[in-house]
Amino acid sequence: MSTGAHILIEGLTHRYKAKGDVVLDDINVEIEPGQALAIIGRSGCGKSTLLHLIAGLMKPFEGKIWIDGLHVTDPSPKWIMMFQAPSLFPWMTVKDNVTLGLRFSGRMKMADAKAKELLELVHLEDFAETNVQDLSGGQQQRVALARSLATEPEALLLDEPFSALDAFTRATLQREVRAIAKKLGLTLIFVTHDIDEAAIMADRALIMSANPGRVRGDVTMNLPEIRDRNSAAVKTEKNRLLEIFEDTVGQAVGADSSDAEDLGDGDGETVVPARLGAA
């Protein structure tokens, strides 16, 4: 079991070109080991850019990111990122996709046992020899999750990986990914534009504003470890987070009649519109 990564972001400012506009401005955040953190904000606020910087996929213009005391300059198997698209190898089986990282790192001796363990964890134990092209979108994301976990990372970084899935599958994976991260002791950071997703998955939420991207709010979710999206507590916390967002950076997208999106709560009741716009 992992102990989770400690992540420290110090004075992070980013621009894509030396004389370009500032994309992220003076970000200072500390994330405790095993914490589940949501990064939420409007389109263009830099939340995905921030996640890419944490993952070592980009280098910040100013400032530093530390993971377990190591200065992040490149990607690492100890901090793994999942994207919206599962990016599986379509000619391979589920098992071969899951163990790909082990193959590249020369640890194939443990591949069979690790694949069995992980496929049971993501409820795909009966699909080990199935070609990934024959799976549903939700199942493919489960394969991508198992592959991400194969190298035993300390941190799992998610860039809206459920946004292309149907509502039922998305809700199921939100619960399961949080449960898996907690079971394994992982630090979980995910970018979302969905208040519901933040309430179900996060222990804490950072609220970002745009032009340039700044952290404007830091909200602790007052919810139990295991959450029921239809409970009064979760509904109350979703509305509280939305109110804080609106007070901090303005009215949420979808809060007026022209853009409103009714989000059913599972028993026919309509809740506060909760989408903040695409990343």
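Helix α1 (residues 47–55) is largely enclosed by the rest of the structure, because 9 of its 9 residues are buried. Buried means under 20% relative accessible area, exposed over 50%, and partly exposed in between, with a 1.4 Å probe and protein chains only. Helices (H or I, at least four residues) and strands (E, at least two) are DSSP runs, numbered from the N terminus. This is a predicted model: local features need pLDDT of at least 70, side-chain atom pairs count only at pLDDT 80 or more, and totals for chains, interfaces and linings use all residues. Residues are numbered from 1 along each chain as its sequence is written, and side-chain values use heavy atoms, without hydrogens and water.

The buried set of α1 includes Lys 47, Ser 48 and His 52. Leu 50, Leu 51, Leu 53 and Ile 54 are also among them. Just after α1, Gly 56 adopts a positive phi of about 80°.

Now take strand β7 (residues 155–159). Here 5 of 5 residues are buried. Ala 155, Leu 157 and Asp 159 point one way, Leu 156 and Leu 158 the other. Two strands pair if DSSP finds at least two bridges between them. β7 pairs with β6 in the parallel sense over 4 bridges. In that pairing, Met 82 stands opposite Leu 158. β7 also runs parallel to strand β8 (residues 187–192), joined by 5 bridges. There, Ala 155 faces Thr 187.

Of its 16 lining residues, the closest to the centre are Ile 80, Met 81, Leu 100, Arg 147 and Ser 148. β6 (79–82), α3 (100–104) and α5 (137–149) each supply at least two lining residues. The largest share, 4 residues, comes from α5.

One aromatic contact remains. Rings of Phe, Tyr and Trp (its six-membered ring) pair if their centres lie within 6.5 Å; planes under 30 degrees apart count as stacked, over 60 as edge-to-face and the rest as tilted. The count is 1 aromatic pair. Phe 89 and Trp 91 form it edge-to-face, at 5.2 Å centre to centre and 65° between the planes. Phe 89 has 30% relative accessibility, so it counts as partly exposed. Trp 91, at 60%, counts as exposed.

Methods. 1 Å grid on protein atoms, 1.4 Å probe; cavity = no way out; pocket = protein on both sides within 12 Å on 5 of 7 lines; lining within 4 Å.
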